[in-house]
Amino acid sequence: MKPWVRRLLWGVAIVLGLPLLLGLLWLLLNRIDADPQPWPEALALPANTLPAEDNPLLALPLASSAKGTLALGDCKADADCFALWRTRLTHLAAVRAANPELGLACEAAAAREGLRYEDPMPEPMTIWGPSPRVFGASQCHTWLLSRALDALAAGDAAQTQHWLARADRVDRAVLSGGRSLQAHMVGLANWHQKLAVLHMAAQQHPQWAAALAPLAVLDGRQLLASQQAWVRVEANYGRVAVDSMRVDVCRGQVEASWFAWWSCTVGAPAAQPEYLTQRFATRWVRVLTILGNADSLPAALPSLNEALLDHAQGWWSQVRHTIPTILDDVAQTAWPGQFERAARVLADAEATHRWLLNPATPRPAISTR
């Protein structure tokens, strides 16, 4: 064989073989998962403690009407919320009239002193998540706020304050007892809507402001505690999702096709589910530690964002744990906004409370979005 042919063949072999060898080396490295570790006790799923008879917001019926849904709609910070929502009062009254059973149950629950709410955690948790039944409580909030808006439109101080106080009781129960992220987000949205109605009432009737001020007080320590609750639930949801990827996805699929065989016997181990679970757990424990040591949620935001957006260090870690690193990087971008949203509600509540105590000062801008 001529030398130039031999050199050509060696060149082709290197060009074709080197990527294959590198790919094989990568695959062998990434099939080695981390050693199993116990799930951190700090991330234990919250236990169900509230009996059904003491959790009336959980059993509320959902509004059903051919006339539409029971919802106020979003209102931007620079919009005239009352003008927008006033156009919906007739519609909301029609939906309420079509759902008397919701009104009776909602108003009875809101009349309870010391009203509590707890979205129950499923046992065991599944990949579908905690499935909180918070939507009845959310519609109860809208029911009560719409009645307050009716009274506000009529200039009735006693009824406006009565229905706002009832809505406030529901909103506090949901925000303090909503342990899933979904319930927590609903609780924050409800608080923003209530603050907007407080603004409307005090703008139109400044003499009501002092009486309304207590409804804007939000306990920052309680808000920190509610963050810790949804963090534990989300941590367990992530753990269950990884377990499902590890156990359920390929069950009965290996013989379905060559692609299924490749994915389940070659690709799935490269996801390193144990390593990914431990990576999730480490991050969430760090977040809980920050929340537990924080004096306030706004002060903790820089540390929380740093912990949540902590990417893998060094190229070797990304080569050695490629797929779990990618999965983790994609997942972690969703979390910082949740803490920032809660901090914004707290800031809006504090600003609203100060303004209600002194309506002569400029009114702070808030948004229900």
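User: How do the residues of the lining of the largest pocket divide into nonpolar, polar and charged?

Analyst: In this predicted model, the lining of the largest pocket is made up of 8 nonpolar, 9 polar and 3 charged residues.

User: And how much space lies in that largest pocket?

Analyst: The largest pocket holds about 340 Å³ of space, and 20 residues line it.

User: Which residues lie nearest its centre?

Analyst: Nearest the centre of the largest pocket are Asp74, Ser138, Ala189, Asn190 and Gln193.

User: Which helices each supply at least two residues of the lining?

Analyst: Helix H5, which covers residues 135-153, helix H7, which covers 181-204, and helix H15, which covers 336-357, each give at least two residues to the lining of the largest pocket. The largest share comes from H7, which contributes 6 residues.

User: Let's step back to the whole chain. How many helices and strands are there?

Analyst: The chain has 15 helices and 0 strands. It contains 369 residues, and 46% of them count as buried.

User: Now the rings. How many aromatic pairs does a search of the whole structure find?

Analyst: Searching the whole structure turns up 2 aromatic pairs. One of them joins Trp230 and Trp284 in an edge-to-face arrangement, with 6.3 Å from centre to centre and 80° between the planes. This pair links distant parts of the chain, since Trp230 belongs to helix H9 (residues 220-247) while Trp284 belongs to helix H11 (residues 273-293), 54 residues apart.

User: Are Trp230 and Trp284 buried or exposed?

Analyst: Trp230 has a relative accessible area of 0%, so it is buried. Trp284 has 5% relative accessibility and therefore counts as buried too, given that buried means under 20%.

User: Which residues form one aromatic cluster?

Analyst: Trp230, Trp284 and Phe339 together make up one aromatic cluster.

User: What sits over the ring of Trp143?

Analyst: The charged end of Arg96 is placed over the ring of Trp143, at 5.9 Å from the centre of that ring. In another part of the sequence, Lys194 lies over the face of Trp191, where the distance to the ring centre is 3.2 Å.

User: Why does Ala165 count as partly exposed?

Analyst: Ala165 counts as partly exposed because its relative accessibility is 31%, and that class covers values between the 20% limit for buried and the 50% limit for exposed.

User: What about the loops, where is Asn55?

Analyst: Asn55 is in the loop between helix H1 (3-30) and helix H2 (81-86), and with a relative accessible area of 4% it is buried. Leaving out residues up to four places away in sequence, Asn55 touches Leu50, Arg116, Tyr117 and Glu118. The C-alpha atoms of Asn55 and Pro120 are separated by 10.0 Å, while the two residues are 65 residues apart along the chain.

User: And where is the place of Ala294?

Analyst: Ala294 lies in the loop between H11 and helix H12 (297-308), and it is buried, its relative accessible area being 10%. Apart from residues up to four places away in sequence, Ala294 touches Arg221, Leu224 and Ala300. Between Ala294 and Arg221, which are 73 residues apart along the chain, the C-alpha separation is 9.3 Å.

User: Last one, is Gly103 buried or exposed?

Analyst: Gly103 is buried, with a relative accessible area of 3%, and its place is in helix H4, residues 100-110.

Note on methods:
Residues are numbered from 1 along each chain as its sequence is written. This is a predicted model: local features need pLDDT of at least 70, side-chain atom pairs count only at pLDDT 80 or more; totals for chains, interfaces and linings use all residues. Side-chain values use heavy atoms; hydrogens and water are left out. On a 1 Å grid over the protein atoms alone, a cavity is a set of points where a 1.4 Å probe fits but cannot get out, and a pocket is an open set with protein on both sides within 12 Å along at least five of seven lines; lining residues have an atom within 4 Å of a point. Grid points are joined across faces, edges and corners, and a volume is the space filled by probe spheres set on the points. Helices (H or I, at least four residues) and strands (E, at least two) are DSSP runs, numbered from the N terminus. Ala, Val, Leu, Ile, Met, Phe, Trp, Tyr, Cys and Pro count as nonpolar, Asp, Glu, Lys and Arg as charged, and the others, Gly among them, as polar. Buried means under 20% relative accessible area, exposed over 50%, partly exposed in between (1.4 Å probe, protein chains only). Rings of Phe, Tyr and Trp (its six-membered ring) pair if their centres lie within 6.5 Å; planes under 30 degrees apart count as stacked, over 60 as edge-to-face and the rest as tilted. A charge sits over a ring if NZ of Lys or CZ of Arg is within 6 Å of the ring centre and within 35 degrees of the ring normal. Contact means heavy atoms within 4.5 Å.
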